[in-house]
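Student: I would like to work through this structure by question and answer. May we begin once it is displayed?

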Amino acid sequence: SSLVEIYNNDFNGNINFDGCNPAGNDYSLWIHDNKIYQNVRSVNTLNGISFDGFNKNVIIENNVAYNWNKGIYFYFVDSAAGFNNVTIRNNLFYNIGDDGYNGAGIDFVTLDGTPSCKNYYMHNNTIHTLDQLEVCININTSSTWEDFYIFNNILYGTSVDLAWNNSVGID
């Protein structure tokens with residue numbers, strides 16, 4: 001069973017989630033087969049899909065997102081928050097970035113505390129950034145990562161496909 005399923009939508013604007021906890025369900029959030037975009041890309045800090053707080057059992061698949069600073073943005077807000085059992089697969093992100101050093105197709109950031117992140121799978125995604133200053137996948141956290149898998153993705157448009165800046169490490 002599930003709590004929230006978002007599918008077959010045409011979002012001319014971003015979507016944001018603040019804490020998804022399944023309370024015994026198979027998944028808390030399943031986002032699939034959506035188009036998430038801005039008509040015109042502008043230099044900004046907007047993200048296609050944003051997650052704040054604790055999120056568990058999230059599936060993001062078969063979406064197309066474009067004209068964003070970040071395709072997917074995970075924002076860890078405190079030491080009690082974390083993200084577990086997240087699957088990101090078969091998505092297309094293009095025209096990603098802000099003509100600077102902030103853009104990323106998939107971005108993980110910790111601002112406060114060191115939440116744990118377990119069971120991540122990112123595979124079969126295509127990420128195209130705007131220029132050499134952007135990053136396709138950015139992991140800039142002080143979190144403890146456990147069972148984190150990145151495989152079979154197509155990453156292009158940048159000189160840095162994967163950036164990992166982690167002061168705690170991987171278990």
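Student: In which strand is the place of Lys-118?

Tutor: This is a predicted model, in which local features need pLDDT of at least 70 and side-chain atom pairs count only at pLDDT 80 or more, while totals for chains, interfaces and linings use all residues. Residues are numbered from 1 along each chain as its sequence is written, and side-chain values use heavy atoms, with hydrogens and water left out. Strands (E, at least two residues) and helices (H or I, at least four) are DSSP runs, numbered from the N terminus. Lys-118 belongs to residues 116-123, that is, to strand 12.

Student: Is Lys-118 buried, partly exposed or exposed?

Tutor: Buried means under 20% relative accessible area, exposed means over 50%, and partly exposed lies in between (1.4 Å probe, protein chains only). The relative accessibility of Lys-118 is 35%, so this residue is partly exposed.

Student: Which residues does Lys-118 contact, leaving aside its neighbours within four places in sequence?

Tutor: Contact means heavy atoms within 4.5 Å. With those neighbours set aside, the partners of Lys-118 are Phe-83, Asn-84, Asn-85, Glu-146 and Asp-147.

Student: How many strands does the protein have?

Tutor: The protein contains 0 helices. Among contacts between residues at least 6 apart in sequence, 81% join residues at least 24 apart. The number of strands is 18.

Student: Which residues of the largest nonpolar core touch the most other members?

Tutor: A nonpolar core is a set of buried Ala, Val, Leu, Ile, Met, Phe, Trp, Tyr and Cys residues joined through side-chain atoms within 4.5 Å. The largest one here holds 31 residues, and its largest share, 4 residues, comes from strand 6. In soluble globular proteins, nonpolar side chains tend to be buried together. The members that touch the most others are Ile-49, Phe-51, Ile-60, Phe-74, Phe-108 and Tyr-120.

Student: Which residues make the nonpolar surface patch of about 280 Å²?

Tutor: Patches are made of residues with over 30% relative accessible area and no salt bridge; like charges are joined within 9 Å, and nonpolar side chains (Val, Leu, Ile, Met, Phe, Trp, Tyr) within 5 Å. Accessible areas come from the Shrake-Rupley method with a 1.4 Å probe, and for residues only the protein chains shown count as cover. One member, Tyr-149, has a relative accessible area of 36% and is therefore partly exposed. The patch is made by Tyr-121, Tyr-149 and Phe-151.

Student: How many salt bridges does a search of the whole structure find?

Tutor: A salt bridge is a side-chain nitrogen of Lys or Arg within 4 Å of a carboxyl oxygen of Asp or Glu. Arg-89 and Glu-61 form one, with their closest N and O atoms 2.5 Å apart. Asp-107 and Lys-70 meet in another (3.3 Å, N to O). The search finds 2.

Student: How many residues apart are Asp-107 and Lys-70?

Tutor: Both Asp-107 and Lys-70 are buried. In their salt bridge, the N to O distance is 3.3 Å. The pair links distant parts of the chain, with Asp-107 in strand 11 (residues 104-110) and Lys-70 in strand 8 (residues 70-76), and the two are 37 residues apart.

Student: What is phi of Asn-67 near?

Tutor: Most residues other than glycine have a negative phi. Asn-67 lies in the loop between strand 7 and strand 8 and is buried, because its relative accessible area is 7%. Its phi is positive, near 65°.

Student: What is the relative accessible area of Cys-136?

Tutor: Cys-136 lies in strand 14 (residues 135-141). Its C-alpha atom is separated by 8.6 Å from that of Ile-96, 40 residues apart along the chain. Cys-136 is buried, with a relative accessible area of 0%.
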